[in-house]
Every structure is written in structure tokens, then in C-alpha cells.
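Dear colleague,

I am passing on the structure we spoke of, placed just below. After it come some notes on what was found, which I hope you will read with the model open.

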Amino acid sequence: MPLAPDHPTHEVSVRPATLADLDALVTLEHEAFRTDRMSRRSFRGFLTSPNAAMIVADLNGKLAGYALVLFRTGSALARLYSIAASPHAGRRGIGATLLQAAEAAAIKRGAATMRLEVHEKNAAAISRYRKSGYREFGRHHEYYGDKGHALRFEKRLVPDLARLKDAPPYFHQVHVRAGLHDDGAGLGRSVIPADAGVRIQAVA
Ligand SMILES: CC(C)(COP(=O)(O)OP(=O)(O)OC[C@H]1O[C@@H](n2cnc3c(N)ncnc32)[C@H](O)[C@@H]1OP(=O)(O)O)[C@@H](O)C(=O)NCCC(=O)NCCS
């Protein structure tokens, strides 16, 4: 799936991670984070968990980033638990591409909103998230090991049809033509036609 939202490049591709990526993921984690690193054991657990989606980015055939999304049964919220791009390949669209793939994975699993936390001093990540459409909605006080606060960001992944019911008719037309429509089960529940390959349920 070659994607490059705001950094055009044709070298980045994304795919689901497998256990064969474990060594490369641990190496990348050490390169990208100085503290609060995920252990090899955690990576292995997430790679085999039914409640996690681990997506990796390859740059010129070499693993150069990952995004980890967590899900909870019955929840329309997905959580971007971690994301990292290789420091050797920063600012080449890997972060943006991984975010887009993480969001697609979340939509496929029925999530309506993606949430994440980021250290208040992580200017690079905060800038990336804002550019990708995330908005700050709260904070966790002294969330990190260094007592730094976490900024909480979220992004709505699918239109909130309940809120849109009073919107001008053109809005509905645009979304119906784009493949999103009310399936008759009530506002807030919507489906993309099966032939689109993605199904969204219980998005309210
Ligand atoms: C956050 C991160 C994933 C971004 O990945 P990336 O591949 O460099 O990002 P992209 O190329 O898609 O986007 C580039 C944009 O991100 C932001 N950005 C990335 N690196 C930056 C830096 N060193 N300084 C400032 N902004 C930066 C900017 O908005 C930049 O746009 P610009 O180049 O036009 O200024 C990467 O910096 C990273 O892995 N950081 C270390 C791990 C981490 O902090 N993860 C987030 C935990 S919450």
C-alpha cells in the first residue's frame, strides 16, 4: 500500500508486522526512544494479540518504522499506543504514512475515533499529529517517568452522522457518493458497501 500524504515519496510501503520483524522492531525502538522503551517481550505480546494491530513501514526494503494500535472489545475508540520512524529516515513521510495506515486499520476494526498521548515536549510528534488532523482535548498530569505531562490528542475517523443529521443536504450527498451511507439501522451506524472491502459497525 504505497501512501505518502504530505511528503511525496515512492519508497515507503506499509504492511502488517509479523514475528519475523521482532529483531528489527526492537532495534528501531532503541534508536527512536531514549526512555520508556517497549521491551522485546511486549513487542512479542502485541504481535500476537488479537486486540492490537502492528503496522510496519519499509523504506527501500528495510524496516524503518512502526505504528501500534490497541483496541478494546465493544469500544469505538482505538488507541495509538506507539509510533516511531527510524531516525535515519526522519521527515520522509514515514510517520504520516504509518498514521494513515493505523487509521485505516482502526476503521476496519470498527473504531470511530483514534486517541493518543504524547509527551508535552515531543515537538516533532506533536507537529506530525496536528498536520495529520489530530486535535488536543486533554492532559494527563505527570504521566511520564520524567514527570512530564501527556497531551491527549484525538481524531474522528468516520463522520458522525448523528451530528450531521441537520447538516445541509450536500454534505450527505458527498458522503453517500464517497461510499458512506446510513444502513437504516439508525443514525450513528453506517456501513461502507461490502464491495469496498471495509465495514464499519457501531460507530456511535
Ligand atoms: C514522530 C515521528 C514518528 C514522525 O515521523 P517522521 O517520519 O519523521 O514524520 P513525517 O516525515 O511523516 O512528517 C514530518 C513532519 O513531522 C514533524 N517532524 C518530524 N520530525 C521533526 C523534527 N525533528 N522537528 C520538528 N518537527 C518534526 C514536522 O511536522 C514534519 O514536517 P516538516 O518536515 O514539513 O516540518 C518521528 O519523529 C519519531 O519516530 N520520533 C521518535 C519516536 C516518537 O517520539 N514517537 C511518538 C511517541 S508519542
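The protein has 6 helices and 9 strands, where helices (H or I, at least four residues) and strands (E, at least two) are DSSP runs numbered from the N terminus. Please bear in mind that this is a predicted model, in which local features need pLDDT of at least 70 and side-chain atom pairs count only at pLDDT 80 or more, while totals for chains, interfaces and linings use all residues. Residues are numbered from 1 along each chain as its sequence is written.

Of the 204 residues, 27% count as buried, that is, with 20 or more other C-beta atoms, placed from the backbone, within 10 Å of their own. One of the buried residues is V12, which has 24 C-beta neighbours inside 10 Å and belongs to strand 1 (residues 12-16). The C-alpha atom of V12 is separated by 4.8 Å from that of L59, although the two residues are 47 apart along the chain.

Helix 1 (residues 22-32) packs with helix 2 (residues 40-48) at an angle of about 130 degrees, their axes being 10 Å apart; axes are lines fitted to C-alpha atoms over the stretch in contact, and angles run from 0 to 180 degrees between N-to-C directions. The two helices are therefore oblique to each other, since angles under 35 degrees count as roughly parallel, over 145 as roughly antiparallel, 65 to 115 as roughly perpendicular and the rest as oblique. Helix 1 contributes L22, L25 and V26 to the contact, and helix 2 contributes R40, F43, R44 and L47, with contact taken as C-beta atoms, placed from the backbone, within 7 Å.

With kind regards

Notes. Contact = placed C-beta atoms within 7 Å. Buried ≥ 20, exposed ≤ 12 C-beta atoms within 10 Å, placed from the backbone.
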